[in-house]
Amino acid sequence: MEDNMRLRIAKRIAKELPENSIVNLGIGIPTLVTQFLPEGKGILLHSENGFIGLGGGCCFDSSMSFAIIRGGHLDYTILGALEVDEEGNLANYTIPGKFIPGIGGAMDLSVGAKNVVIAMEHVSKHGEPKIVKKCSLPLTAPKQVNLIVTELAFIRVTDAGLVLEEIAEDTTLEEVIKNTGAKLIVAEKLGRF
Amino acid sequence: MKPIKTPQQAIEKMKDGCSIMVGGFISCGRPLACLDAIYEKGLKNLTIISNDTSKEETGIIKLVMAGRVSRFIGSYIGMNRIMGEKMKSGEVKIELVPQGTFVERVRAAGAGLGGVLTPTGLGTAIAEGKEVLTVDGKKYLLEKPLKADFAIVKANKADKYGNGFSAGSSKNFNVAMAMAAEYVIMEAEEIVEPGQLDPEKVTFPCVFIDALVQVAKPAKGGK
């Protein structure tokens, strides 16, 4: 995906983060969110290797770091994904038959954070939808995703299903639906970003 | 007082087939002097318990490349191709654990607990073959304690009682691992007399440490 598309996703997510929230950013697109964090909003970054805040803040060991994550003290985790489905199931750590790089903090983050935000390309390298009816890849965590942001769409996971709240300024509703493998409930007031 | 040893003396009790916890997160807070001594001694058939294998071809990876590691327990091995190849060939038996579960299993072993009840991994492949318990209506996975014969950990500063201070994010897995092994070796860049390390700044209480190893400070810019 082109850089400007990746930056668009990061920018939209940064806008979503409330004042004084504690946020953990995964690698890839999530890391780009730092470029758009507004000054004075008091957002603090948590990193699983053991700190909150840079230049003032605090540091701790891994047990404490994951107590913060698992114990529900982290407001947001921004993660990449291979697949997300209608129930908010997340698959992002392995493709069967391929090398398993590991799990790292992904399972704890998706289970523990109050809000799980997925930042990813709308379709795979092969053009296949990554937002699907039911995940086919091994799950990182069931029913934990709250929000999906791609270069095309801003989708909230609700009990009723996936609600399409906003689409990108240079796309159409038809294009978004065509590239999504799951049922989308289109919001009454469909926004643009 | 704890004995101050050379890396070679400190690892003297290690034998082929033993299990060793190695502190550190990627290249931060790694006890490299003891890893080098293990390599030089030619120890083999080792079980290495460490969050990751780091990026560099030093430390754990050097042991893996030499075929000395038969089992690895950790959370992430994607930093280099070597572990992938060893996993594929079956030369190294690899057990992957979610990072939070990994550290808490180690801590449980050191804290005298019979395991950890965690929601992490429920409904995933990690839960296969494990007991699920319901506490106050909520489901948890039972994860068992993880201990080792030896642990090697890294501190910035230690006193001769074995109290240690670790700066910033170099605390990582070192703290839990210092609690969870039969024999614990702490590498420190500075070893001072008792009383010269502020008790308020102790990361590792001395009770966990069996031997100290004085190591050089890394070059400026290193960790």
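1. **Contact between the chains.** In this predicted model, the contact between the two chains draws 29 residues from chain B and 27 residues from chain A. On the chain B side, two elements give two or more residues each: α5 (99–110) and α6 (174–179) of chain B. Helix α5(B) gives the most to that side, with 5 residues.

2. **Make-up of the chain B side.** How do the residues on the side of chain B that touches chain A divide between nonpolar, polar and charged? There are 13 nonpolar and 13 polar residues. A further 3 are charged.

3. **Overall form of chain B.** Chain B holds 6 helices and 12 strands. Its radius of gyration is 18 Å, close to the 17 Å that the globule rule gives for 223 residues, so chain B is as compact as a globular protein of that length. The C-alpha trace of chain B spans about 50 × 45 × 35 Å along its principal axes.

4. **Burial and contact range in chain B.** Of the 223 residues in chain B, 48% count as buried. Contacts within chain B between residues at least 6 apart in sequence can be split by range: 75% of them join residues at least 24 apart.

5. **B:Lys41.** This residue sits in helix α2 (residues 32–41) of chain B. Is B:Lys41 buried or partly exposed? B:Lys41 counts as partly exposed, because it has 15 C-beta neighbours inside 10 Å; the buried class needs 20 or more, and the exposed class 12 or fewer. B:Lys41 and B:Glu193 lie 152 residues apart in sequence. From C-alpha to C-alpha, B:Lys41 and B:Glu193 are 31 Å apart in space.

6. **A sheet in chain A.** Which strands form the open sheet, and in what order? In chain A, 3 strands form it, in the order β7-β6-β9. The pairing is mixed. The edge strands are β7 (90–91) and β9 (131–132) of chain A, and each pairs on one side only.

7. **The β6–β7 pairing.** Strands of a sheet pair through backbone hydrogen bonds, in either the parallel or the antiparallel sense. Strand β6 (residues 83–85) of chain A pairs with β7(A) in the antiparallel sense. This pairing runs over 2 bridges. A:Glu83 stands opposite A:Ala91, a residue of β7(A).

Terms used: Residues are numbered from 1 along each chain as its sequence is written. Chains are lettered from A and ligands numbered from 1 in the order in which they are written. This is a predicted model: local features need pLDDT of at least 70, side-chain atom pairs count only at pLDDT 80 or more; totals for chains, interfaces and linings use all residues. Two strands pair if DSSP finds at least two bridges between them. Helices (H or I, at least four residues) and strands (E, at least two) are DSSP runs, numbered from the N terminus. Two residues are in contact if their C-beta atoms, placed from the backbone, lie within 7 Å. Ala, Val, Leu, Ile, Met, Phe, Trp, Tyr, Cys and Pro count as nonpolar, Asp, Glu, Lys and Arg as charged, and the others, Gly among them, as polar. The radius of gyration is taken over C-alpha atoms; the globule rule is 2.2 Å times the number of residues to the power 0.38.
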